[in-house]
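Work through the exercises below with the model open. Try each task before you read its solution.

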Amino acid sequence: ATWHTLNTSESLQAWGILGSSPHGTLLSPVVYRTAGNPSPVPCWLLLGWLEANYRHVEKIGEYIGERYGHHVLVHVAPFQIVLADKLEDQREYTKKLLLALFAEPRIREAVDSCGMIIMAFSNGGAFIATSIYDICKSQMGISAVAPMFQNKDIDQVWAWWSRNIRGIIFDSAPARMTISSRTGAVFFSSSWTRSRFALLVYCSIFARLYFKDVLSRIRNLLTNDGPLMDTYFHEIMKHEFVLGKAELYIFSDSDPICDPQFVRQVISARSQTLKQRYGLEIMQLVLTDSAHCQHFLTHRQEYTRALDEFVCSISRFYPSVKHEKWETNA
């Protein structure tokens with residue numbers, strides 16, 4: 001199977017929606033890989049880390065497609081959206097992403113038949129995942145719509161996504177939102193890591209994000225414009241966020257960006273409240289010597305075993321997720 005790029009602009013135009021996102025950024029590409037199997041199988045949506053190279057995320061998608069015989073989609077949100085100051089910017093962007101996917105008949109048919117599994121890498125993917133939850137929970141409208149769209153019941157689209165998401169995997173996420181972690185994420189996603197000016201670049205990024213954070217807090221204090229992004233993200237991950245029936249957290253004790261203690265706090269908090277309330281299955285894979293978003297490369301055996309267990313767990317809630325191709329090869 002080969003990777004193809006969806007024409008998301010055409011899909012959005014079909015809905016009568018403008019293709020540009022907040023800050024004038026176009027919706028990033030969505031690439032897909034079909035299962036090559038005529039029987040209905042689930043879709044996976046892989047949400048890449050900040051400034052991820054699509055090819056790097058696709059390698060994981062190729063394993064998933066070959067192992068389970070499922071359809072795979074890959075999307076990397078643009079830099080401006082991942083580091084947006086306002087929650088609403090991320091939500092508006094995510095609404096367009098969901099609508100573009102819904103407008104694609106092949107994707108809609110597969111998800112309608114067997115559901116979707118989301119895989120979020122670092123906070124670049126986790127922010128979009130929490131926005132998906134916000135949209136599904138609140139059944140929010142969308143601001144940039146044409147008159148022709150008013151005749152469509154958009155709440156039905158969000159409800160459709162809400163009932164069809166089967167579970168979620170967090171790889172190197174959620175990361176505690178601190179100036180240091182964000183600086184590290186921006187720095188390691190750049191091409192300056194091996195430069196002799198690396199320290200200078202790191203310090204300049206830290207200073208910029210620090211002053212940006214200060215200005216955001218002052219603006220929020222003066223305008224009372226909703227919760228701060230870091231506070232909201234931390235709280236929703238610990239006490240509210242629910243997509244599907246199963247969750248898998250893959251993280252490392254030596255990750256300099258994703259604080260392992262924070263991930264443990266999130267898992268503990270969710271196990272005490274949401275696990276019983278919603279019947280969630282919460283799993284984790286803790287590694288000791290793996291770098292940020294490199295777990296699949298450095299610990300392939302443990303990683304793939306965790307994915308197998310996750311798919312088995314999902315299949316207990318949604319039998320259609322299990323597929324005979326994987327069962328016979330397991």
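## Exercises on a predicted model

Helix 6 gives the most to the lining of the largest cavity, with four residues. The model is predicted.

**Exercise 1. Describe the largest cavity: its space, its lining and the elements that supply it.**

Solution. 
- Step 1. The structure holds one cavity of 30 Å³ or more.
- Step 2. About 70 Å³ of space lies in the largest cavity.
- Step 3. Ten residues line the largest cavity; Leu87, Gln90, Thr130, Ser131 and Tyr232 lie nearest its centre.
- Step 4. Helix 4 (87–102), helix 6 (122–138) and helix 10 (229–239) each give two or more residues to this lining.
- Step 5. Sort the lining by class: five residues are nonpolar, three polar and two charged.

**Exercise 2. Is Ile132 buried or exposed, and which residues does it touch?**

Solution. 
- Step 1. Ile132 has 0% relative accessibility, so it counts as buried. The cut-off for buried is under 20%.
- Step 2. Leave out residues up to four places away in sequence. Ile132 then touches Thr94, Leu98, Ile118, Ile165 and Leu243.
- Step 3. Ile132 and Trp158 are 26 residues apart in sequence, and their C-alpha atoms are 8.9 Å apart.

**Exercise 3. Locate His292 and list its contacts beyond four places in sequence.**

Solution. 
- Step 1. His292 sits in the loop between strand 8 (281–287) and helix 13 (295–298).
- Step 2. The relative accessible area of His292 is 16%, so it is buried.
- Step 3. The contacts of His292 beyond four places are Ser122, Ser172, Asp255, Ile257 and Cys258.
- Step 4. Compare sequence with space. His292 and Ala173 are 119 residues apart along the chain, yet their C-alpha atoms are separated by 9.3 Å.

**Exercise 4. Compare the span of helix 14 with the expected value, then name its buried residues.**

Solution. 
- Step 1. Helix 14 (residues 300–317) has 18 residues.
- Step 2. From first C-alpha to last, helix 14 reaches 26 Å, close to the 26 Å expected at 1.5 Å a residue.
- Step 3. The buried residues of helix 14 include Tyr303, Leu307, Phe310, Val311 and Ile314. Asp308 is also among them.

**Exercise 5. Where does pLDDT stay under 50?**

Solution. 
- Step 1. The chain averages a pLDDT of 80, and 75% of the residues score at least 70.
- Step 2. pLDDT stays under 50 over residues 141–151, with 25 contacts beyond four places in sequence. Residues 323–330 also stay under 50, with 16 such contacts.
- Step 3. Where pLDDT is low, the predicted coordinates should not be read in detail.

Definitions and conventions: Residues are numbered from 1 along each chain as its sequence is written. This is a predicted model: local features need pLDDT of at least 70, side-chain atom pairs count only at pLDDT 80 or more; totals for chains, interfaces and linings use all residues. Side-chain values use heavy atoms; hydrogens and water are left out. pLDDT is the predictor's confidence in each residue, from 0 to 100. Contact means heavy atoms within 4.5 Å. The expected span of a helix is 1.5 Å times one less than its number of residues. Buried means under 20% relative accessible area, exposed over 50%, partly exposed in between (1.4 Å probe, protein chains only). On a 1 Å grid over the protein atoms alone, a cavity is a set of points where a 1.4 Å probe fits but cannot get out, and a pocket is an open set with protein on both sides within 12 Å along at least five of seven lines; lining residues have an atom within 4 Å of a point. Grid points are joined across faces, edges and corners, and a volume is the space filled by probe spheres set on the points. Ala, Val, Leu, Ile, Met, Phe, Trp, Tyr, Cys and Pro count as nonpolar, Asp, Glu, Lys and Arg as charged, and the others, Gly among them, as polar.
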